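Please read them with the coordinates open.

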Protein chains: 2
Amino acid sequence: MNEEKFLAIHNRILPFIHETPVMTSRLLNEISGGDLHFKCENFQRMGAFKMRGAANAILSLSIDEKSRGVVTHSSGNFAQATAFSGQLMGVTTYIVMPNNAPLVKKDAVKAYGGIITECGPSIAQREAAVEDVIMQTGAISLHPSNQDEVILGNSTIGVEFFNQVSDLQRIIVPVGGGGMIAGIALAAEAFSETCEVIGAEPAAAADAQRSLREGKIQKNDTANTIADGLRTHLGDRNFPIIQRLVKDIITVEEDEIIIAMKLIWERLKIIIEPSAAVAVAVALKEKKAVRKGKTGIVLSGGNVDLGNLPF
Amino acid sequence: MNEEKFLAIHNRILPFIHETPVMTSRLLNEISGGDLHFKCENFQRMGAFKMRGAANAILSLSIDEKSRGVVTHSSGNFAQATAFSGQLMGVTTYIVMPNNAPLVKKDAVKAYGGIITECGPSIAQREAAVEDVIMQTGAISLHPSNQDEVILGNSTIGVEFFNQVSDLQRIIVPVGGGGMIAGIALAAEAFSETCEVIGAEPAAAADAQRSLREGKIQKNDTANTIADGLRTHLGDRNFPIIQRLVKDIITVEEDEIIIAMKLIWERLKIIIEPSAAVAVAVALKEKKAVRKGKTGIVLSGGNVDLGNLPF
């Protein structure tokens, strides 16, 4: 894909998203020894980058498909992003959520007009619930990370980033389901000759690192990490892109994630969620790598429970 | 004073400060029923507006005065602002701090090259310690809020704000020592025909409201407020300006301050300190007043102890 194609996607979703700012900090440059540029998707609508993929996926549907509505299963940011995008575009949204999902997340989905179907917590139960909604309504299924139009929606983070900061040498991106890093890697391929894309993952859920090294999608047996957005695994649509375009995936420990999160709160004076802090922690750990040229860091979201902070 | 004078001050301090951004939020507009514009001094260097006054005060000294150094007494943001400004300008700074000041604040002053003199916690002890430093070093005394050049430094918040947002109908400003609101009121007089300046104060330390109503500077017997930057009282340099140019000072309760602080953290995804939240709380309380035209709100700083949050 060439630049024009990505710019067209960006133009298409622009009425429904924020073009997020890039922040810098002399103090964080001193601490890291690098030249760090933070892409603030925590300032994105509903507080996370997921709006981009959800908006692009719904916009890519035909009029007939839109009239049937969309269905997704998510207990997190993608549920809200889908409901909010549907509300903005006049498309009915069915959100399958586990019955143990926090009330505050269900309320947020309802506030955006999403129709919730509760299900048991297992993957089989979720998938059955989605199938059930499709049977009853004919709704189109959206996947939070493993769908081409979602990946292309996420590519617009890169489109903006390359426009905002010249000569990025590398971009560090948190890896959960793989939809964000795949999108940004596609944009990097189109917009830069030299920019490397590097994944950031908690050591406690290092499925993507293992997948990349073993050449086959791996899953986590356990995923006891504070970075709750990164507990999922890669999919067959994004993994080939990641294999082809992502240079490396680097892991960090839980205490490094918390230190990085606190540092951003204290120094940049902005709220980021633990999943975003994973990318910051990688930049702080890889001091030698970030010393050369400009480093972009994607702060993927800012939705945290202020009543349950790790510091 | 005319616009040119204020613009010259702004130009003079610009190499030493950040021109801070203005943020808006559809959700906060919905909640308040107003059109709110947040001036983010929490993103100012060292995390609070105090850099502006400290920088302008030191820049206004003669070469001889600069060579003698400056002295101030503060345990808060002005101590750091003075030390940092001095470091940037090559001027020695003597900071008188109470011996019960938190270690983290002393360390921050030291990191900026400030020379600390510890003293007892009473006002008499502080003043004696400052006199002592002046006797020994010939240093020039700086006051955090009650000095013309500090007030004029703070006026640059207004200079930027009027440049960034057209047709502000009112600006809500937290009131502690009175140096910030006096500076912004002077800028409003020069740059706007119609903009009102409104003070925001905790009910638990409502000295400025009482001062304005009684026409004479009042002090607080007690000041048990979470807004620790607003416990001080007005001074003879800023009070006449406040009397002449500030329309009203409105108070809010402690629970309103905490709710407003949490709302900004959750919705704008930025860190503000309780003193800044006082202005937000006033905007949320005065729904009728903010319904008409654009309201500016000065988020004065973002220096909080993350280990000791009220929620």
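1. A residue counts as exposed when its relative accessible area is over 50%, as buried when it is under 20%, and as partly exposed in between. R213(A), at 57% relative accessibility, is therefore exposed. The model is a predicted one, and the points below should be read with that in mind.

2. R213(A) forms a salt bridge with D248(A), with an N to O distance of 3.5 Å. D248(A) is partly exposed, its relative accessible area being 28%.

3. A second salt bridge pairs E118(A) with K106(A), where the closest N and O atoms are 3.0 Å apart. This pair also links distant parts of the chain, 12 residues apart: E118(A) is in strand β5 (residues 115-119) of chain A, and K106(A) is in helix α6 (residues 103-111) of chain A. K106(A) is buried, because its relative accessibility is 9%, while E118(A) is partly exposed at 45%.

4. Within helix α12 of chain A, E266(A) and K262(A) are 4 residues apart, so about one helical turn separates them. Their side chains meet in a salt bridge at 3.9 Å, N to O. Both are partly exposed, E266(A) with a relative accessible area of 33% and K262(A) with 30%. Elsewhere, K39(A), E41(A), R52(A) and E160(A) are joined into one network by salt bridges that share partners. Over all chains the structure holds 24 salt bridges.

5. How many salt bridges are there between chain A and chain B? The count is 0. Polar contacts between chain A and chain B amount to 6 residue pairs, with both residues at pLDDT 80 or more. On the side of chain A that touches chain B, helix α12 (residues 254-267) of chain A gives the most, with 3 residues. The residues of that side divide into 9 nonpolar, 5 polar and 5 charged.

6. The size of an interface is often given as the accessible area lost when the parts come together. For chain A and chain B the buried area is about 1,600 Å², and carbon and sulfur atoms give 63% of it. The contact involves 19 residues of chain A and 19 residues of chain B.

7. The largest nonpolar core has 75 residues. Beyond its sequence neighbours within four places, W265(A) is in contact with residues of chain A, including V304(A), L309(A) and F311(A), and with W265(B), I271(B) and L306(B).

8. N42(B) deserves a separate look. The residue is in the loop between β2 (35-40) and α3 (50-59) of chain B. Is N42(B) buried or exposed? N42(B) is buried, because its relative accessible area is 0%. The side chain of N42(B) reaches the backbone oxygen of I271(B) at 3.0 Å. Leaving aside neighbours within four places in sequence, its contacts include K269(A), I270(B), I272(B) and S300(B). N42(B) and L263(B), 221 residues apart in sequence, have C-alpha atoms 16 Å apart.

Terms used
Residues numbered from 1 in each chain as written. Chains lettered and ligands numbered in written order. Predicted model: local features only at pLDDT ≥ 70, side-chain atom pairs only at ≥ 80, totals over all residues. Heavy atoms only, no water. Contact = heavy atoms within 4.5 Å. Buried area = accessible area lost by both parts, 1.4 Å probe. Salt bridge = Lys/Arg side-chain N within 4 Å of Asp/Glu carboxyl O. Polar contact = N/O pair within 3.5 Å; in protein donor to acceptor, adjacent residues only side chain to side chain. Helix = DSSP H or I, 4+ residues; strand = E, 2+ residues; numbered from the N terminus. Nonpolar A, V, L, I, M, F, W, Y, C, P; charged D, E, K, R; others polar. Core = buried A, V, L, I, M, F, W, Y, C linked by side-chain atoms within 4.5 Å. Buried < 20%, exposed > 50% of the residue type's maximum accessible area, 1.4 Å probe, protein only.
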